[in-house]
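Please keep the sequence and the 3D view at hand while reading.

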Amino acid sequence: MMQASLHTAPDHLVITAPTLESGMAWVQQQLGVSMAPRIGGQHARLGTHNALLSLGAGFYLEVIAMDPDGATPARPRWFGLDELPADAPPRLAHWVARTDDIEAAVAASPIAIGEITPMSRGALAWLITITADGRLSRAGLMPSLIQWHSQPHPPSVLSDLGCRLQRLVLSHPAPAELGAALAAVGIDDARIVLREGRQTTIEAVISTPQGERVLPG
């Protein structure tokens, strides 16, 4: 049962790619909008870098890849990047939810979502859950949790290109279990659609100036 004190909401989508350039090109192909010039940076602690695209107030899209100029981290990289083949196509792999009490949310989750880890990039600072092996919880359907400790939040400094999340569709053989876990951490958002499926899949329906587009997982 959702704890009344927990306030958790979708924060951003995660696109994984073997290179930042291929991921940005894929997003442009899928959505019809350009991510250049990119706004993002390096995560020195995990040897990754990213590029960002606003999806409206309080929500955005992140393309993330291994940083070829970064050092090898002491722990597995997040979002399963260590297991991503060099020729893997970019894809929507995961999503992250923003909470006002990450410790309480992690404790409330019936699904293990990782260790609370402090991170920073430039003026930004946050806590985020990362699994010990770097893999995604429930194949990416159960979100990582983030608690921001800095302002501004990334979307507030990004150009608004008119893209908005309409639906995040999560297909799972046991959607009731996933739904209960989302409710337990405080997520109640009509854009999150749970469906029963033989396979675990994730896709995002995005409205763009060219109409609705789909980011497949």
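Predicted model: local features only at pLDDT ≥ 70, side-chain atom pairs only at ≥ 80, totals over all residues.

His43 is buried, because its relative accessible area is 1%, and the cut-off for a buried residue is under 20%.

Once the neighbours within four places in sequence are left aside, the residues in contact with His43 are Thr48, His49, Asn50, Glu62, Ile64, Trp78, Met119, Arg121 and Trp126. Two residues from this list, Glu62 and Ile64, fall within the range of strand 4, residues 60–66, and that strand is taken up next.

## Strand 4 and its partners

Strand 4 spans residues 60–66, and six of its seven residues are buried, so the strand is largely enclosed by the rest of the structure. One of its partners is strand 1, made of residues 8–16, which pairs with strand 4 in the parallel sense over five bridges. Within strand 1 and strand 4, Leu13 stands opposite Leu61.

Strand 3, which runs through residues 48–54, also pairs with strand 4, here in the antiparallel sense and over seven bridges. Leu52 is found opposite Glu62 of strand 4, and Glu62 is also among the contacts of His43. Strand 3 and strand 4 form a hairpin with five residues between the strands, and in this hairpin Gly56 takes a positive phi near 105°.

Elsewhere in the chain, four strands form an open sheet in the order 10-9-11-12, with mixed pairing. Strand 10 (192–196) and strand 12 (211–216) stand at the edges and have a single partner strand each, so one side of each is left without a neighbour in the sheet. From one strand to the next, the twist averages 20°.

Strand 11, residues 201–208, is joined to strand 12 by six bridges, and the two run antiparallel. Where these strands face each other, Thr208 stands opposite Gly211 in strand 12.

## Helices against the sheet

Helix 1, formed by residues 20–31, packs on this sheet and touches both strand 11 and strand 12, while its direction makes about 140° with that of strand 12.

Helix 3, formed by residues 175–184, lies across strand 9 (164–172) and strand 10, and it runs at about 155° to strand 10. Strand 10 is thus an edge strand of the sheet that also has helix 3 lying across it.

Technical notes. Residues numbered from 1 in each chain as written. Heavy atoms only, no water. Buried < 20%, exposed > 50% of the residue type's maximum accessible area, 1.4 Å probe, protein only. Pairing = 2+ DSSP bridges. Contact = heavy atoms within 4.5 Å. Axes fitted to C-alpha atoms, helices over the stretch in contact; angles between N-to-C directions.
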